[in-house]
Amino acid sequence: MNHLATYLFLLALTAVSVFVAERFPQLDLLPPAVMALATIKFLLVAFRFMEMRRGHLIWKACLVGFATLFLAFLVVASP
Amino acid sequence: MKFKTQKIAYWFFAPALLLLVLQIVYGFIMGFAHMGFDVLHDIIPFNTARAVHTNLLVVWLLLGFMGAAHYIIPEEADREIAWPKLAYVQLISFLLVGVTAIVCYHLNIWEGRKFLEIPRPLDYLVVANVLLFLANIGWTVWNGKRFTTTAIVLYMGLLAAALLYLPGMITFDNQTLDSFYRWWVVHLWVEGVWELIMGGILCFLLIKLTGVDREIVEKWLYIIVGLTFISGILGTGHHYYYIGVPRYWLIVGGIFSALEPLAFLGMAIYALYMARKGGRKHPNKTALTWTLGCAIMSFVGAGFLGFAHTLPQVNLWTHGTLVTAMHGHLAFWGAYAMIVFAMMAYSMPLMTGRKLWDTAASNYGFWISNIGMVAMTGAFAVAGVSQVVLERRTGIDFLEVQKEVEPHFFGLVLAAALFTVGILLFVLNFIRYGRPTDEALGADPAES
Amino acid sequence: METDAPLRPRLLEPPGGFFIWMLVVLELATFGVALIALVICARNDPETYHQSRLLLDPRYGVANTVFFLTSGYFMAESVRHFHQSDRPRARRCLWLAIAGGLAFLGLKGVEYADKISDGQTLGSDPFFTWYWLLTVFHLMHVLVGLVILGVLLRRLSTIKSEDFEAGGVFWHMCDLIWLLLFPLLYLIF
């Protein structure tokens, strides 16, 4: 997947998350779902645009770990 | 030592160590008072001892920084200090002002706010004196043969420290405003501009001791120092929680307090990385030990222990208790005392020509003083937590609680004795170097 | 592998260099803590946060996300061209990345003006305190990032490959932060 494909995919994910948030504002699962999409975007940028897919396993683990922890805390903390 | 005037550094370092020893003496007076043996109460009451203890700390650290500047700036600017005689005049007058202030405290002449106890007329003398120092160093940097980032960062740190002395001299009628600006003096020093000074010294030492390219050391160190600096300035918000300022200080203080230990961690990782990367084996291992020790202990003391009580929920209970003393001791020791010691350990062999870097005194000095300081921190932590629980949570009277925590001060005094042994070993090694001499002129042997 | 990257990636040499990634981790940790704190605060007072969130116009947020993603795409392309020693293309992409950043700034300015004229400022309620603090801190990173991109542009012909990558990583970091900031502030409460 080259940069252009990544870029288009990121735009698509943005569109989906906005659509979901505007269409189903009352949904209980909305915050985790939207934030999960955001986390996927986060990892895409980190691995594709920042070239971390070529980095050492520990750096990858750091980023995935951060994203997972962030999402987990968010799900636990959100109302 | 490349320049004759670098020797001036010695004359700043020697009184700095003397004042450190005096500071420790006053620390012991307070330690014993806390244990219930307040025998000197009529001559040196606790509040006097406390003021002297903290003021001496600031004065000896400033002397250390000034000494370090006199050593580093000629080398970085590649020229002699502009006016060497002025440097001595400035040193002596600085010491005179300091001694007068301490005598004043014993005669009960002082201002009320902590850290800013120095009587007002002396404030002006301090300002005049620091201006002399800044003019001398500034002129040297300005007319130097080369400009290095290290020299400029070091100078900016010293200049900003001088500027931040001024808010403490303004009088406010409003308690909140007064508290707000009081934190600008010593606190913005330690969290902000002194970190520029520390960064400058650290950078100089790492370049000399590890042999890594100046370009690499400077570029990244200053980014990390910048991060520490910004997080420190905004992190001062953790002193603004409940003094009457707008609510957003809770968020600013909380978040940047969380960043501060991370920035210090970055600095520690950075120093270790550079030491690992460096190819040169500089013979002065003690100086490198102090340098890396500074990077690590400033993370533990300033970063980690600071964060232990800077979140709003915690600080609500711990502000102004012995928990602060716990953080304060290891933070000042790790971040600032150790960088001054590192500078002394590096420069003394070069100024005197005697290679006493690997003696038993210098090695044991490092380890014993550090173990002693960590143990002291532990004793303060236990006493502090007990104090918070008993006094603030269960509402027992202040003096009753002080009675309860007396046993912990027995441990504290023992740990402090160990720390003192370490310091005395360092001082002993310092004395054995003797006076600086022109015979030691020449580049650092490791560089050629 | 299409570039000259080493086959076995080394821990101390991630793309862009060790220290820029250390900086990224520190920044992400700080913003991460702040965002979690925001969610915890919102749990205690969901109604205020919900009402105030509705006052934000998500169209600004979406447009800014698109600007930033576009800018990030061109930055990544610029680094790719740089590695292939195609300086003119790297330069063109860098310009487009800067343009994306400037568009972000411009729109943010319009949004800020909007909010200020509506009286929703730093102290008006807890949600807006968070909104201002987080977006302004992010904006400062964007400003620093733009300065860095400007430096990259000026020194394009002489700069070392690792430094160019490091500049790019910083710019993408602003992107990363915004990707987490945008849904939290504009969508979920």
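# A tour of three chains and their contacts

Begin at the interface of chain B and chain C, where the rule finds one salt bridge; a salt bridge is a side-chain nitrogen of Lys or Arg within 4 Å of a carboxyl oxygen of Asp or Glu. This is a predicted model, in which local features need pLDDT of at least 70 and side-chain atom pairs count only at pLDDT 80 or more, while totals for chains, interfaces and linings use all residues. Residues are numbered from 1 along each chain as its sequence is written, chains are lettered from A and ligands numbered from 1 in the order in which they are written, and side-chain values use heavy atoms, with hydrogens and water left out.

**Stop 1: chain B against chain C**

Select Lys219(B) and Asp163(C). These two residues form a salt bridge, and their closest N and O atoms are 2.9 Å apart. Between chain B and chain C there is one residue pair in polar contact, with both residues at pLDDT 80 or more. A polar contact is a pair of N or O atoms within 3.5 Å; within protein, one must be able to donate a hydrogen and the other to accept it, and residues adjacent in sequence count only if both atoms are side-chain atoms.

Now colour the helices on the chain B side. The elements of chain B that give two or more residues to the side touching chain C are α7 (214-235) and α8 (248-277). Helices (H or I, at least four residues) and strands (E, at least two) are DSSP runs, numbered from the N terminus. Which element gives the most to this side of chain B? It is α8(B), with 15 residues.

Select the whole interface next. Here 22 residues of chain B are in contact with 19 residues of chain C, contact meaning heavy atoms within 4.5 Å. The two chains bury about 1900 Å² between them, 85% of it on carbon and sulfur atoms. Buried area is the accessible area (1.4 Å probe) that two parts lose on being put together, summed over both.

**Stop 2: chain A against chain C**

Of the two pairs of chains in contact, chains A and C share the most contacts. In this interface 38 residues of chain A are in contact with 46 residues of chain C. Chain A and chain C bury about 3800 Å² between them, with 82% of it on carbon and sulfur atoms. Select Met50(A), Arg54(A) and Trp59(A): in chain A, these lose the most area to chain C, together 20% of what that side buries.

How many salt bridges are there between chain A and chain C? The count is zero. Two residue pairs are in polar contact between these chains, both at pLDDT 80 or more. On the side of chain A that touches chain C, the elements giving two or more residues are α1 (3-23), α2 (30-49) and α3 (57-77) of chain A.

Glu51(A) is buried, with a relative accessible area of 14%. Buried means under 20% relative accessible area, exposed over 50%, and partly exposed in between (1.4 Å probe, protein chains only).

Chain A and chain B do not touch, and their nearest C-alpha atoms are 15 Å apart.

**Stop 3: aromatic rings**

The structure holds 58 aromatic pairs over all chains. Rings of Phe, Tyr and Trp (its six-membered ring) pair if their centres lie within 6.5 Å; planes under 30 degrees apart count as stacked, over 60 as edge-to-face and the rest as tilted.

Select Trp60(B) and Phe341(B). Why is this pair tilted? The ring centres are 6.1 Å apart and the planes are at 55°, so the pair counts as tilted. Trp60(B) lies in helix α2 (residues 46-77) and Phe341(B) in helix α11 (residues 322-352) of chain B, so the pair ties together parts that are 281 residues apart in sequence. Trp60(B) is buried, at a relative accessible area of 1%, and Phe341(B) is buried at 0%.

Move to chain C and select Phe104(C) and Trp178(C). This aromatic pair is edge-to-face, with 5.1 Å centre to centre and 85° between the planes. Phe104(C) is in helix α4 (residues 87-117) and Trp178(C) in helix α6 (residues 161-186) of chain C, 74 residues apart. Both Phe104(C) and Trp178(C) are buried.

Leaving aside neighbours within four places in sequence, Asn64(C) is in contact with residues including Phe104(C) and Trp178(C). Asn64(C) counts as buried, at 0% relative accessibility.
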